[in-house]
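Here is a friendly briefing to read alongside the model. Have the viewer open and follow the topics in turn.

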Amino acid sequence: MMPLTMVKAGEENTIKKVGGKEETRRFLENLGFVTGGVVTVVSEIGGNMIVNVKDSRVAIGKDMANKIMV
């Protein structure tokens, strides 16, 4: 298991765990980051990431990406 920030662009990964405080987890779940879901990193610029999750593109910061384990 590793944080989403360690993933190379273009790789499909399965979300194993979403960490952080309750409100952070709920926020990420509302964006589509749920355990068992598939996430693909589109690009990374300065630690901030654009990812495909549940057929939509989402931009998240490095701190949020570190809480998503794949």
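**The S4–S5 loop**

Lys54 is found in the loop between S4 and S5, where helices (H or I, at least four residues) and strands (E, at least two) are DSSP runs, numbered from the N terminus. This is a predicted model, in which local features need pLDDT of at least 70 and side-chain atom pairs count only at pLDDT 80 or more, while totals for chains, interfaces and linings use all residues. Residues are numbered from 1 along each chain as its sequence is written, and side-chain values use heavy atoms, with hydrogens and water left out.

- Phi of Lys54 is positive, near 50°, and the residue is not a glycine.
- Asp55 also sits in the loop between S4 and S5, and has a positive phi of about 60° although it is not a glycine.
- Most residues other than glycine have a negative phi.
- Lys54 is exposed, with a relative accessible area of 59%; the classes are buried under 20% relative accessible area, exposed over 50% and partly exposed in between (1.4 Å probe, protein chains only).
- Asp55 is exposed as well, because its relative accessibility is 85%.

**The sheet**

- Four strands make an open sheet with antiparallel pairing, in the order S1-S3-S4-S5; two strands pair if DSSP finds at least two bridges between them.
- S1 and S5 are the edge strands, each pairing on one side only.
- From one strand to the next, the twist averages 35°; axes are lines fitted to C-alpha atoms, for helices over the stretch in contact, and angles run from 0 to 180 degrees between N-to-C directions.
- Strand S1 (residues 12–14) is joined to S3 by three bridges, and Asn13 stands opposite Val39 in S3.
- Six bridges pair S3 with S4 in the antiparallel sense, and Ser43 has Ile50 in S4 as its bridge partner.
- The hairpin of S3 and S4 has two residues between the strands, and Gly46 takes a positive phi near 60° there.
- S4 and S5 run antiparallel and are joined by five bridges; Val51 has Val58 in S5 as its bridge partner.

**The nonpolar core**

- The largest nonpolar core has 16 residues, and those with the most contacts inside it are Leu4, Phe33, Val39, Met49, Val51, Ile60 and Ile68.
- Strands S3 (38–45), S4 (48–53) and S5 (56–60) are the elements that give two or more residues to this core, and S4 gives the most, with three residues.
- Such a core is a set of buried Ala, Val, Leu, Ile, Met, Phe, Trp, Tyr and Cys residues joined through side-chain atoms within 4.5 Å.
- In soluble globular proteins, nonpolar side chains tend to be buried together.
- Ile68, leaving aside its neighbours within four places in sequence, is in contact with Met2, Pro3, Leu4, Ile15, Lys17, Leu28, Phe33 and Ile60; contact means heavy atoms within 4.5 Å.

**Helix H1**

- Thr24 lies in helix H1 (residues 22–31) and counts as buried, because its relative accessibility is 15%.
- Leaving aside its neighbours within four places in sequence, Thr24 is in contact with Met64 and Lys67.
- Glu22 forms a salt bridge with Arg25, with the closest N and O atoms 2.8 Å apart; a salt bridge is a side-chain nitrogen of Lys or Arg within 4 Å of a carboxyl oxygen of Asp or Glu.
- Arg26 and Glu22 also meet in a salt bridge (3.2 Å, N to O), and these two residues lie four residues apart in H1, about one turn of the helix.
- Glu22 is partly exposed, at 43% relative accessible area, and Arg25 is partly exposed at 29%.
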